[in-house]
Amino acid sequence: MELLSNAKKYGVRSLLLQGLTFLSVLTSAFMIWKGLSLFTNSESPVVVVLSGSMKPAYDRGDILFLHNGYSPIAVGEVVVYKINDKPIPIVHRVMKVHTENETGKQYLLTKGDNNNADDRGLYNPGQMWIQRDEIIGRVKGFVPYAGMGTIWMNDYPQLKMVLLGTLCVLSLFSND
């Protein structure tokens, strides 16, 4: 009932304006994301490090900025790759590169800086190398710990619900 009285209090036009403003913010964010994706040639131009496998270079919660240029990938570069049927991309360093002379096609072997073994155990069964088309991007920069909020919301789903509920309440009563 209070929601109905708030609707009458603010008027239908005011509520529609708030809804349209919210939709314009969402569409603007989507357009910026897609623009960055085109500019960086990466399906995901920004990722958050989710594990400690790249310590000391990158810590859990660091935000990485990616670019996926067309030049060959070199040993020592940090790349983000995605294996078929695994939803979470992996951030690791290239340890070996095999290039076919005839086609120029690259095959990569990766490893986390903080891991004892290479990533062949993470690849698909029987897969020995990552192919160039599995690379989402190369790390070009980072912001330390700026992605911890994302990790906290994934680790504690209740926190996500509290945050969303708080935002909804604040948006309903922001005109008071």
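**Grounds for the assignments**

Reply: For residues 40–139, UniProt lists "domain: Peptidase S24/S26A/S26B/S26C", in an unreviewed entry. The model itself is predicted.

Me: What makes up residues 40–139 in terms of helix and strand?

Reply: Over that range the chain is 35% strand and 1% helix, and the C-alpha atoms at its ends are 11 Å apart.

Me: Which domains does the domain assignment give?

Reply: The assignment gives domain 1 (1–40) and domain 2 (46–146). Taken over C-alpha atoms, the centres of domain 1 and domain 2 are separated by 37 Å.

Me: Why are strand 1 and strand 6 called edge strands?

Reply: The open sheet has seven strands in the order 1-2-7-3-4-5-6, with antiparallel pairing. Strand 1 (46–48) and strand 6 (130–131) each pair on one side only.

Me: Why is Leu163 called partly exposed?

Reply: The relative accessible area of Leu163 is 39%. Buried means under 20% and exposed means over 50%, so a value in between is partly exposed. Leu163 lies in helix 4 (residues 157–172).

Me: Which residues form the nonpolar patch on the surface?

Reply: The patch consists of Met161, Leu163, Leu164, Leu167 and Leu170, which together have about 500 Å² of accessible area. Membership requires over 30% relative accessible area, and Leu163 has 39%.

Key
Residues are numbered from 1 along each chain as its sequence is written. This is a predicted model: local features need pLDDT of at least 70, side-chain atom pairs count only at pLDDT 80 or more; totals for chains, interfaces and linings use all residues. Side-chain values use heavy atoms; hydrogens and water are left out. Domain bounds come from an automatic or database domain assignment. Two strands pair if DSSP finds at least two bridges between them. Helices (H or I, at least four residues) and strands (E, at least two) are DSSP runs, numbered from the N terminus. UniProt positions are given in the numbering used here, feature names are shortened, and annotations may be inferred rather than shown by experiment. Patches are made of residues with over 30% relative accessible area and no salt bridge: like charges are joined within 9 Å, nonpolar side chains (Val, Leu, Ile, Met, Phe, Trp, Tyr) within 5 Å. Accessible areas come from the Shrake-Rupley method with a 1.4 Å probe; for residues, only the protein chains shown count as cover. A salt bridge is a side-chain nitrogen of Lys or Arg within 4 Å of a carboxyl oxygen of Asp or Glu. Buried means under 20% relative accessible area, exposed over 50%, partly exposed in between (1.4 Å probe, protein chains only).
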